[in-house]
Amino acid sequence: MTTTTESPSTPPDEHGSGSSRRTWLREHSELGVCVMLLALGALVLTDALTMDVEIAQRGPIGPKTVPVVVGIGLLVVAVILAVDVLRGGRGEAEGGEDIDLSEPADWRTVLLLAGVFLGAAVLIEPLGFPVAGALLFWGAAYALGSRHPDRDPLIAAGLSLITYVVFNNLLGVPLPGGPLMGVL
């Protein structure tokens with residue numbers, strides 16, 4: 001009985017470690033998320049610590065507190081995740097995903113949504129948030145497949161008005177009212 005040994009399917013590179021390095025990077029691809037979280041945490045901390053707050057400071061907890069806590073939290077999560085990945089931890093694929101990756105992207109929907117968002121951004125100043133928001137909600141519903149011309153505009157107008165009243169009147173976040181400013 002004769003045994004034969006087959007050569008590896010990928011030829012070794014000049015240094016002999018390139019394919020193993022790529023394999024290691026593929027197996028530890030979650031480290032990319034760690035790097036992103038680390039960079040985001042450093043950005044948030046840098047921005048928070050260089051913030052000028054003498055005018056806004058009214059007590060022991062000022063406007064820097066939440067961004068500093070969030071930045072530190074991002075750094076801690078990045079380090080914990082990196083340690084877990086390097087110890088062999090792996091993210092599990094979601095069992096409920098119903099996306100067929102062999103299908104092409106639906107660019108029509110993406111472009112319609114982008115157009116609706118850009119249109120709302122352009123129209124919010126002259127028409128006000130209630131009208132621009134209604135067009136945004138109605139256009140997004142249409143782009144995502146809803147075809148109820150009698151119901152969709154009414155729901156969009158209701159959502160937009162509720163959002164305007166909550167932000168403008170209850171939360172004190174001023175939104176442009178447009179021509180409806182005197183009515184609402």
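Predicted model: local features only at pLDDT ≥ 70, side-chain atom pairs only at ≥ 80, totals over all residues.
Okay, let's start with what an axis is here: a line fitted to C-alpha atoms, for helices over the stretch in contact, with angles running from 0 to 180 degrees between N-to-C directions. Helices themselves are DSSP runs of H or I, at least four residues, numbered from the N terminus.

Residues are numbered from 1 along each chain as its sequence is written, and side-chain values use heavy atoms, with hydrogens and water left out.

So, α5 and α6. Helix α6 covers residues 152-170, and its axis comes within 8 Å of the α5 axis, crossing at roughly 135°. That makes the pair oblique, the label for whatever is not under 35 degrees (roughly parallel), over 145 (roughly antiparallel) or 65 to 115 (roughly perpendicular). The crossing is right-handed, meaning the near helix is turned clockwise from the far one by less than a right angle. In contact, that is, with heavy atoms within 4.5 Å, are residues including Phe-137 and Trp-138 of α5 and Leu-161 and Tyr-164 of α6. By class we get 11 nonpolar, 3 polar and 1 charged residues; Ala, Val, Leu, Ile, Met, Phe, Trp, Tyr, Cys and Pro are the nonpolar ones, Asp, Glu, Lys and Arg the charged ones, and the others, Gly among them, are polar.

On its other partner: α5 (residues 129-143) crosses α4 (residues 107-127) at roughly 175°, with the axes coming within 8 Å. Those two are therefore roughly antiparallel. Among the contacting residues are Arg-108 and Phe-117 of α4, and Leu-136 and Tyr-142 of α5. The class count is 16 nonpolar, 2 polar and 1 charged.

Tyr-142 turns up again: the charged end of Arg-147 sits over its ring, 3.8 Å from the centre. For that label, CZ of Arg or NZ of Lys must be within 6 Å of the ring centre and within 35 degrees of the ring normal.

Last pair: α2 (residues 31-49) packs on α3 (residues 65-86) at about 160°, axes 8 Å apart. They're therefore roughly antiparallel too.
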